[in-house]
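Me: I have a structure to go through. Can you walk me through the strand pairing and then the aromatic rings?

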Amino acid sequence: MSLPSIAVPEYKCVIPSTGQEIKYRPFLVKEEKLLLISQEGGEEADQILTIARVLADCINTPDIEIGNLATFDIEYLFLKLRSKSVGEVIDITIQHPDSECKHATEVKVNIDDIKVPGPIPDSKVMLTKELGVVLKFPTFQDVAHTEDNEENQTERLFDLLAACVDYVFDKEEVYNDFTKEEMLEWLESLPKSQFNKITEFFEAMPKLQHTIKWKCSACKKNDKVELEGMQSFFS
């Protein structure tokens, strides 16, 4: 005899980088088990891979490629998923960053108040009057491949920048058929002023962030802290 099926609610939210509305369901016990196992392992790369797998299972909108979503999309969607699966409120332990008081205060944060602030920067960056590049946000897949690289941090950064160049163009041609090595060499050949224009795009990239205003339960001092990135909301 087969066991009865259990109805699961469905919710909607919007992907921050594209504005596309998607449908998703809460994660189930089997998916929560995967998340717990990855947390016990302690490896951040494994945790990110598990989060991507859970998102892929829970998003009900067709043709959503998790590996192609921007990193801040992944973080935001997982928080929304966690909100509907476990609860909207999370407890965060905070200390004064610069104070003699080292008391840790527990603060409640509503996940639904956490946003990815805009605006989205223009992906077309003009390096000269006639030469420009079209960039894309680093995706989960880009970051995962970069983390697999055992080179130093600077080399990993350049690898990530190269992966985020969609194409180069001038007044006569579009250049989109290049290898990673060719793009790395091209980036390294840029004058510093032009290279800075590319890095400014990534500096302006939206981030998952939230300002918490709180009062220390020991010294009674009012303070605030800026949380940034998914990991800071679960530390």
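Reply: Gly132 stands opposite Phe169 in E7. This is a predicted model, where local features need pLDDT of at least 70, side-chain atom pairs count only at pLDDT 80 or more, and totals for chains, interfaces and linings use all residues. Residues are numbered from 1 along each chain as its sequence is written, and side-chain values use heavy atoms, with hydrogens and water left out.

Me: How many bridges do E6 and E7 pair over?

Reply: Four: E6 (residues 132–135) and E7 (residues 165–169) are antiparallel. Two strands pair if DSSP finds at least two bridges between them; strands are DSSP runs of E, at least two residues, numbered from the N terminus.

Me: What order do the strands of the open sheet take?

Reply: E5-E6-E7-E8, four strands with antiparallel pairing. E5 (124–126) and E8 (174–175) are at the edges with a single partner strand each, so one side of each has no neighbour in the sheet.

Me: Rings now. How many aromatic pairs?

Reply: Six, counting Phe, Tyr and Trp (its six-membered ring) with centres within 6.5 Å; planes under 30 degrees apart are stacked, over 60 edge-to-face, the rest tilted. Tyr11 and Tyr24 are a tilted pair, with centres 5.9 Å apart and planes at 35°. Tyr11 lies in E1 (residues 11–14) and Tyr24 in E2 (residues 21–24), so the pair ties together parts 13 residues apart in sequence.

Me: Is Tyr24 buried or exposed?

Reply: Buried, at 4% relative accessibility. Buried means under 20% relative accessible area, exposed over 50%, partly exposed in between (1.4 Å probe, protein chains only). Tyr11, at 27%, is partly exposed.

Me: Which residues do ring pairs link into a cluster?

Reply: Phe72, Phe137, Phe201 and Phe202.
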